[in-house]
Amino acid sequence: QLYFINDSLDIKAADTGSGVAALYSKLKVTWANGVTIGNGEVSTDVTKNTLAFCYANTNNYANYIHSRHYGVPGSDLNALDFYTSDGTAGGTITSAVHGMTIANGRVSIGTGVLTPSATLDVRGTVNVGVDDTGHDVTFFGATAGKKLLWDESENTLDVTGITTTDGRCLGVVTKTSDYVA
């Protein structure tokens, strides 16, 4: 059933024969304050609350964004999940490959990681740059001035501010490539 009400288009499931219209919209598009798309259903079911991007006006090779709604503030079950086609024609979201989740300001990258355990949770290999084209990478410590830096232009690993357990300062270690056989 299709309804135009004020600033929205509402598509609801047909009457089930009981004389009662379906409780949730199948699709509701509102444009009064920007565009809102949703169906209003509380669900963690991957087959619901899903936006599909399909190939050539077919259901083939679809990629998906799934919006999980649990109804509990701060829950990791309130999230956006991103899936890519598994390369088969006629595939569905249940056969697509999960690649990323955004939940409560945290992001997980990796197949099937639906609950990020940190601000950025990567499960798998991380590449920075490509062979013969690198980038600087810095890891900061919890204390000012403490860091580990891969300096791409010098091909060095610099460790700044390390002290031993007996308090001796090791200073800055550089040119690690000179120490590797």
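**Exercise 1.** Which side chain meets Asp-121 in a salt bridge? Then classify both partners by burial.

*Solution.* The model is predicted, and the atoms in it are used as they stand.
Step 1. The side chain of Arg-123 meets that of Asp-121 in a salt bridge, with 2.8 Å from N to O.
Step 2. Asp-121 has a relative accessible area of 6%. Buried means under 20%, so Asp-121 is buried.
Step 3. Arg-123 has a relative accessibility of 46%. Exposed means over 50% and buried under 20%, with partly exposed in between, so Arg-123 counts as partly exposed.

**Exercise 2.** How many salt bridges does the structure hold, and which residue forms one with Asp-81?

*Solution.*
Step 1. The structure holds two salt bridges.
Step 2. Arg-68 is the partner of Asp-81, and their closest N and O atoms are 2.7 Å apart.
Step 3. This pair links distant parts of the chain: Arg-68 is in strand E6 (residues 63-68) and Asp-81 in strand E7 (residues 79-84), 13 residues apart.
Step 4. Asp-81 and Arg-68 are both buried.

**Exercise 3.** What is the volume of the largest cavity, and which residues line this cavity?

*Solution.*
Step 1. One cavity of 30 Å³ or more is present in the structure.
Step 2. The volume of the largest cavity is about 40 Å³.
Step 3. Its lining includes Tyr-61, Ala-62, Tyr-64, Asp-86 and Gly-91. Ser-85, Thr-88, Thr-92, Ser-95 and Ala-96 also belong to the lining.
Step 4. Sorted by type, the lining residues of the largest cavity are four nonpolar, five polar and one charged.

Conventions: Residues numbered from 1 in each chain as written. Predicted model: local features only at pLDDT ≥ 70, side-chain atom pairs only at ≥ 80, totals over all residues. Heavy atoms only, no water. 1 Å grid on protein atoms, 1.4 Å probe; cavity = no way out; pocket = protein on both sides within 12 Å on 5 of 7 lines; lining within 4 Å. Points joined across faces, edges and corners; volume = space filled by probe spheres on them. Nonpolar A, V, L, I, M, F, W, Y, C, P; charged D, E, K, R; others polar. Salt bridge = Lys/Arg side-chain N within 4 Å of Asp/Glu carboxyl O. Helix = DSSP H or I, 4+ residues; strand = E, 2+ residues; numbered from the N terminus. Buried < 20%, exposed > 50% of the residue type's maximum accessible area, 1.4 Å probe, protein only.
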